[in-house]
Amino acid sequence: MHILVSSHQHGHNIPGKRLTASKIVNDDGPPSKKLSPYIRPLVDALKDAGHRVSVVIPAASRSWIGKAHIIGASLTATYVHPDSFREDGTWVDESEKEQNTATPTTTTNGYMPPTPAASSEHLNVSTPSIDENESKNEEDYWVVISNGTPASCAQLGLYSLFPSRGTIDLVISGPNHGRNASTIYNLSSGTVGGALEAATCGKRGIALSFGSKDEQPPATIAAAARLSTRVIEYLCRNWDERVELYNLNVPMREDVETRPVRYTRALRNEWTKASLYAEVVQSNEKVEIHQKGKSNRIRQFRWEAELSDIKRSLAESPQGTDARTVLDGFTR
């Protein structure tokens with residue numbers, strides 16, 4: 001999912017360096033109970049801390065896509081009120097509400113199929129209750145990008161979508177649904193890719209990951225969101241001018257706000273076998289394509305991540321690395 005949050009100050013300044021504007025980008029898609037449960041709590045925490053927030057997200061999960069742009073793809077930006085999202089990541093269309101129709105508007109991706117993590121995410125859930133009489137400010141609306149990637153959402157958010165909201169100083173990419181620790185994940189992550197895109201645009205970036213894919217109690221999510229807001233504010237006040245990007249991982253535990261936050265180095269790991277794809281075995285049939293009298297041999301592969309070696313390297317990681325620090329329950 002790719003989120004772009006443009007965060008401005010409301011009424012008061014952060015002590016020290018003022019955080020004028022920030023964005024969040026990640027790879028988990030629109031808010032959903034299963035794939036993207038952390039974005040709305042983080043946005044709420046930023047608002048509670050006094051920041052004005054603008055959000056841009058891809059229309060579907062874009063996990064493992066890095067800093068990709070899809071050449072030739074047409075991107076469509078749809079403005080959606082955050083209260084309009086359903087638990088499956090679809091949303092209620094404004095025109096449909098006016099027509100009192102219950103037909104849901106589902107997200108589509110044009111030419112891009114959803115990444116595997118998103119392929120089974122559309123659940124049958126009820127439409128959220130929305131107060132039609134509630135006053136909605138234009139700045140309350142999030143932007144959903146069809147064919148979007150974390151990097152393309154960062155680009156559009158920086159240069160095209162919010163011309164009246166001032167200069168964006170910081171891109172926050174996340175919170176990812178699960179941790180991004182060690183070089184394998186850091187260099188593959190769409191969440192990290194969104195922050196990298198910010199750096200190539202001359203902006204500061206923070207990649208933010210909440211370290212669990214298991215369903216979490218609301219109190220744990222709220223604690224992670226509050227801590228993340230404070231750490232982001234701290235980094236903005238104390239930014240090392242040699243740094244373009246920080247990669248922040250927050251463990252999902254209710255006492256996370258009372259535990260230390262540590263700087264670490266990235267664990268170096270690598271693929272030791274063909275771990276991401278498995279060949280599709282055909283049922284005793286020869287698969288051929290005939291062209292100009294010749295037969296071309298065809299083999300098919302599907303995404304089937306087998307991560308036992310990588311998980312073992314994380315479990316055996318030494319002290320001082322990002323992987324070990326997160327596994328020990330500390331923010332890094």
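## Overall figures

A contact here means that heavy atoms lie within 4.5 Å. On that basis, among contacts in this predicted model between residues at least 6 apart in sequence, 80% join residues at least 24 apart.

The chain contains 8 helices and 13 strands, and 51% of its 332 residues count as buried.

## A sheet of three strands

An open sheet with mixed pairing is formed by 3 strands in the order β4-β6-β5. Its edge strands, each of which pairs on one side only, are β4 (56-58) and β5 (76-80), and from one strand to the next the twist averages 30°. Strands of a sheet pair through backbone hydrogen bonds, in either a parallel or an antiparallel sense.

For β5 and β6 (residues 142-146) the sense is antiparallel, and the pairing extends over 5 bridges; in β6, Trp 142 is the bridge partner of Val 80. Helix α3, which spans residues 150-159, lies across β4 and β6 and runs at about 155° to β4.

## The buried side of helix α7

Helix α7 comprises residues 308-315, and within this helix Asp 309, Ile 310 and Leu 314 are buried. Because these residues cover an arc of only 140° around the axis, they are on the same side of α7. An α-helix has 3.6 residues a turn, so residues three or four places apart point the same way. The cover over the buried residues of α7 includes α4 (183-188) and α8 (322-327).

Note on methods. Residues numbered from 1 in each chain as written. Predicted model: local features only at pLDDT ≥ 70, side-chain atom pairs only at ≥ 80, totals over all residues. Heavy atoms only, no water. Buried < 20%, exposed > 50% of the residue type's maximum accessible area, 1.4 Å probe, protein only. Helix = DSSP H or I, 4+ residues; strand = E, 2+ residues; numbered from the N terminus. Arc of directions from axis to C-beta. Pairing = 2+ DSSP bridges. Axes fitted to C-alpha atoms, helices over the stretch in contact; angles between N-to-C directions.
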